[in-house]
Amino acid sequence: TDGTDSTDGFDATDGTDGPEAPKVQVVLFTHIEDQTPGGAIGTPQSKTSYTTLRARLISTAKLFQSRGLQWVLQPDWKFLEAALVYEDAAAMASTNGKNLFVHLRDELAVVIDPHSHENGGYNYTDVAYLLTQHGVGGSTVIGGHIWDPALPEFQKWDKFRAPLSGEKYPGATWRGDILTGSGTPNHVNDPVVSGVWRPQDKDHYFADDPDANIVALGAFHNGVPGVKELVALYANGTVPASVMLTASWNITPSSILAEDGLDSIDLSVLTPIAAMRDAGTINVTDFTTLVATWKTAYGAKAFIYQQ
């Protein structure tokens, strides 16, 4: 582990009034990748693919809301471009006259961030711009990236130190400042880290630089069992209450679209997560709120727990 010294007398909070026992900060999100919807936009295949996923996303949001749990949606460019075509009056009749994203955000409390593999002529700024076109822009979350500069797919996250112009929409600019899901292609060699820090540079990613203007969040591993590991680290004193532990993972569209997908997600993820929340050992949040809590309740104290 890369532990830091405890701050004497510190009481971690979850942003509510009064001191609290330390809570693992958990984010449950869904990436919609740049192959979705299937087929060329405007074709019957594409519209069917979009419409089917649209309905399931609404059902997923309602499930999370019924459990009192935060859900984060992070779409890539193709789904957003498709929505510009398919969110017509007929589609919006089922969402109170609002497009899918506004409906999810305003009526079902879903937080919406950009996600980009920076393929197909679209970069993160383009995705952030498309979100503004749907009325749900404003997030500065970089929703996943290839972090290792030794890999040819490295996404050069440090370019976000300053505002970046779009590739598809060069008139748009955007600056992300929250890095999530530091990964490798197909997630075969992702770093197993929990915590919050400010990466020094691309070659010293896990070194904290207090003056840096980008914050990184550790995703840890193994879903619900991984969260239980982190809860135990607080409970047994391995990690002090003065620092923040984090976990996050992708509830995939394929699992959402499966025949028994929502029942399975509810049973295997939401039920145990809600139980830990009710026990006071975790807080289910979104990435932007997590960083705000880190700054206010933890004094922006960097910490990395690494396996």
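Reader: Why is Arg198 called buried?

Author: Buried means under 20% relative accessible area, exposed over 50%, and partly exposed in between, with a 1.4 Å probe and protein chains only. Arg198 has 11% relative accessibility, and therefore counts as buried. This is a predicted model, in which local features need pLDDT of at least 70 and side-chain atom pairs count only at pLDDT 80 or more, while totals for chains, interfaces and linings use all residues. Residues are numbered from 1 along each chain as its sequence is written, and side-chain values use heavy atoms, with hydrogens and water left out.

Reader: Where is Arg198 placed, and what is it in contact with?

Author: Arg198 is in the loop between β8 (193-197) and β9 (199-201); strands (E, at least two residues) and helices (H or I, at least four) are DSSP runs, numbered from the N terminus. Contact means heavy atoms within 4.5 Å. Leaving aside neighbours within four places in sequence, the contacts of Arg198 include Asp208, Asp209, Trp294 and Ala300.

Reader: What makes the phi of Ala300 worth noting?

Author: Most residues other than glycine have a negative phi, and most peptide bonds are trans. Ala300 is not a glycine, yet its phi is positive, near 55 degrees. Ala300 lies in the loop between α9 (287-297) and β14 (303-306). His187, also not a glycine, has a positive phi of about 55 degrees. As for the peptide bond from Thr36 to Pro37, it is cis, with omega near 0 degrees.

Reader: Why is His187 called exposed?

Author: The relative accessibility of His187 is 58%, so His187 counts as exposed. His187 is found in the loop between β7 and β8.

Reader: Why is Gly280 called partly exposed?

Author: Gly280 has a relative accessible area of 23%, and therefore falls in the partly exposed class. Gly280 is in the loop between α8 (261-278) and β13 (282-284). Its C-alpha atom is separated by 7.6 Å from that of Ala21, although the two residues are 259 apart along the chain. Beyond neighbours within four places in sequence, Gly280 is in contact with Pro22 and Lys23.

Reader: What makes a group of residues a nonpolar core?

Author: The members are buried Ala, Val, Leu, Ile, Met, Phe, Trp, Tyr and Cys residues, joined through side-chain atoms within 4.5 Å. The largest core has 72 residues, and Leu28, Leu57, Leu245, Trp249, Ile273 and Ile282 touch the most other members. Apart from it lies another core, of 17 residues, among them Phe154 and Trp157.

Reader: How many residues of the lining of the largest pocket are polar?

Author: Ala, Val, Leu, Ile, Met, Phe, Trp, Tyr, Cys and Pro count as nonpolar, Asp, Glu, Lys and Arg as charged, and the others, Gly among them, as polar. By these classes the lining has 22 polar, eleven nonpolar and four charged residues.
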